[in-house]
Amino acid sequence: LVDADSDDSYRELLRTVSHTPLKFFTEDSVSAGVACWNWIVCAKPNYEFDMTSEIMSSWLWTAHHQLGVFSLEDAPSNIYPHDHASKFLIERFELVRYKSARLVNLYVWFLHRILGKDVRSGDRCSGQKLSRHVSTLRTRFRLLYLGLSAVQSDTLPNS
């Protein structure tokens, strides 16, 4: 990954490292994934936007496939991957909120896709619905906390 700067192969590597943990959707895969994500953004800070974008893309993939906190089951069985990934996103946001307007915009876009509603119709923007089961509370509150942190950010976009 360190030598991948010379070509665009780093983008494919980032996509694989970002998507694989959430596609496997297990506690161990996401724990290992978060460790890798942290290592990459610390070792190569210039990759943070692309890495975060890919992580958010994989999160939206899980919403589309109704996994974890997006499950239609009465009692979602596997919410840990979203819980752990949401913790990672909050930690990273707290580090970049005053440094990168571009990353703040990305977080706002992501939160709008996950939590947003169309003001005119009241319909969900993404067509996805977070489970309201009690087991998903921690993850839902983490997402709301992330949203409130974004609103309080000094670099909030105009949209």
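Contact here means heavy atoms within 4.5 Å, and helices are DSSP runs (H or I, at least four residues), numbered from the N terminus. With that in hand, what covers the buried residues of helix 1 includes helix 2, helix 3 and helix 4; buried means under 20% relative accessible area, with a 1.4 Å probe and protein chains only. This is a predicted model, so local features need pLDDT of at least 70 and side-chain atom pairs count only at pLDDT 80 or more, while totals for chains, interfaces and linings use all residues. Residues are numbered from 1 along each chain as its sequence is written, and side-chain values use heavy atoms, leaving out hydrogens and water.

**Helix 1**
- The buried residues of helix 1 are Tyr-10, Leu-14, Ser-18, His-19, Pro-21 and Leu-22.

**Helix 5**
- Helix 5 (residues 101-115) reaches 20 Å from its first C-alpha to its last, close to the 21 Å expected; the expected span is 1.5 Å times one less than the number of residues.
- Buried in helix 5 are Leu-103, Val-104, Leu-106, Tyr-107, Phe-110, Leu-111 and Ile-114.
- Down the axis of helix 5, those buried residues fall within an arc of 155 degrees, so they line one face of the helix; the arc is taken over directions from the helix axis to the C-beta atoms.
- Cover for the buried residues of helix 5 includes helix 3 (48-64), helix 4 (80-96) and helix 6 (137-152).

**The nonpolar core**
- A nonpolar core is a set of buried Ala, Val, Leu, Ile, Met, Phe, Trp, Tyr and Cys residues joined through side-chain atoms within 4.5 Å.
- The largest one has 35 residues, and Trp-37, Trp-59, Leu-89, Tyr-107 and Phe-110 touch the most other members.
- Helix 5 gives this core its largest share, seven residues.
- Leaving aside residues up to four places away in sequence, Phe-110 touches Met-56, Trp-59, Leu-89 and Leu-143.

**Rings and charges**
- The whole structure has three aromatic pairs, meaning Phe, Tyr or Trp (six-membered ring) centres within 6.5 Å, with planes under 30 degrees apart stacked, over 60 edge-to-face and the rest tilted.
- One of them is Phe-93 with Tyr-107, edge-to-face at 5.0 Å centre to centre and 65 degrees between the planes.
- Phe-93 sits in helix 4 and Tyr-107 in helix 5, so this pair ties together parts 14 residues apart in sequence.
- Lys-23 lies over the face of Trp-61, 5.3 Å from the ring centre; the cut-offs are NZ of Lys or CZ of Arg within 6 Å of the centre and within 35 degrees of the ring normal.
- Likewise, the charged end of Lys-44 is over the ring of Tyr-47, 5.6 Å from its centre.

Key:
Helix = DSSP H or I, 4+ residues; strand = E, 2+ residues; numbered from the N terminus. Buried < 20%, exposed > 50% of the residue type's maximum accessible area, 1.4 Å probe, protein only.
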